[in-house]
Amino acid sequence: MVVSSEYRGKGLNIGSQILDFLKGWFRSFDNKTGCRFIVVDAYNNEKTLHFYEKNGFKPLYKTEQEERAFLELNPEQPLETRFMFFDLKLK
């Protein structure tokens with residue numbers, strides 16, 4: 001998911017609105033997908049990770065080291081993205 005740079009950072013919260021729509025759609029009673037989680041592979045930078053965290057997403061792995069081990073990355077390879085998830089179950 002990407003918001004055009006023309007609209008990004010203008011206070012319109014388009015990205016958050018899109019995520020809110022998707023969360024609502026997957027939680028609706030007429031949705032027959034059977035989905036429980038929304039998973040993203042977010043760019044591993046502070047701004048992007050903060051965006052997803054403020055929208056209720058959590059890292060799938062507790063540490064970058066755990067994620068690096070799962071992906072079988074060499075120590076010199078950068079961890080360019082982080083797996084994050086949103087639990088659709090209503091609490």
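Is Asp 87 buried or exposed, and what is its relative accessible area? In this predicted model, Asp 87 has a relative accessible area of 19% and is buried, because buried means under 20%.

**View 1. Salt bridge between Asp 87 and Arg 36.** Asp 87 and Arg 36 form a salt bridge in which the closest N and O atoms are 2.6 Å apart. The two partners come from distant parts of the chain, with Asp 87 in strand S3 and Arg 36 in the loop between H1 and S1, 51 residues apart. Whereas Asp 87 is buried, Arg 36 counts as partly exposed, at 38% relative accessibility. A search of the whole structure finds four salt bridges, and this pair is one of them.

**View 2. Salt-bridge network of Glu 64, Glu 67 and Arg 82.** A network of salt bridges links Glu 64, Glu 67 and Arg 82. In the salt bridge between Arg 82 and Glu 67, the closest N and O atoms are 2.6 Å apart. This pair links distant parts of the chain, as Arg 82 is in strand S3 and Glu 67 in helix H3, 15 residues apart. In the salt bridge between Arg 82 and Glu 64, the closest N and O atoms are 4.0 Å apart. Glu 64 also lies in helix H3 (residues 64-70) and Arg 82 in strand S3, so the pair ties together parts that are 18 residues apart in sequence. Arg 82 is buried, with a relative accessible area of 8%. Glu 67 counts as buried at 0% relative accessibility, while Glu 64 counts as partly exposed at 32%.

**View 3. The largest nonpolar core.** Eleven residues make up the largest nonpolar core: Leu 19, Ile 38, Val 40, Ala 42, Leu 49, Phe 51, Tyr 52, Phe 57, Met 84, Phe 86 and Leu 88. Strand S1 (37-43), helix H2 (46-54) and strand S3 (81-87) are the elements that give two or more residues to this core.

View 4. Lys 23 lies in helix H1 (residues 14-27) and counts as buried, at 9% relative accessibility. Beyond its neighbours within four places in sequence, Lys 23 is in contact with Ile 38, Asn 55, Phe 57, Phe 86 and Leu 88.

Note on methods:
Residues numbered from 1 in each chain as written. Predicted model: local features only at pLDDT ≥ 70, side-chain atom pairs only at ≥ 80, totals over all residues. Heavy atoms only, no water. Helix = DSSP H or I, 4+ residues; strand = E, 2+ residues; numbered from the N terminus. Buried < 20%, exposed > 50% of the residue type's maximum accessible area, 1.4 Å probe, protein only. Contact = heavy atoms within 4.5 Å. Core = buried A, V, L, I, M, F, W, Y, C linked by side-chain atoms within 4.5 Å. Salt bridge = Lys/Arg side-chain N within 4 Å of Asp/Glu carboxyl O.
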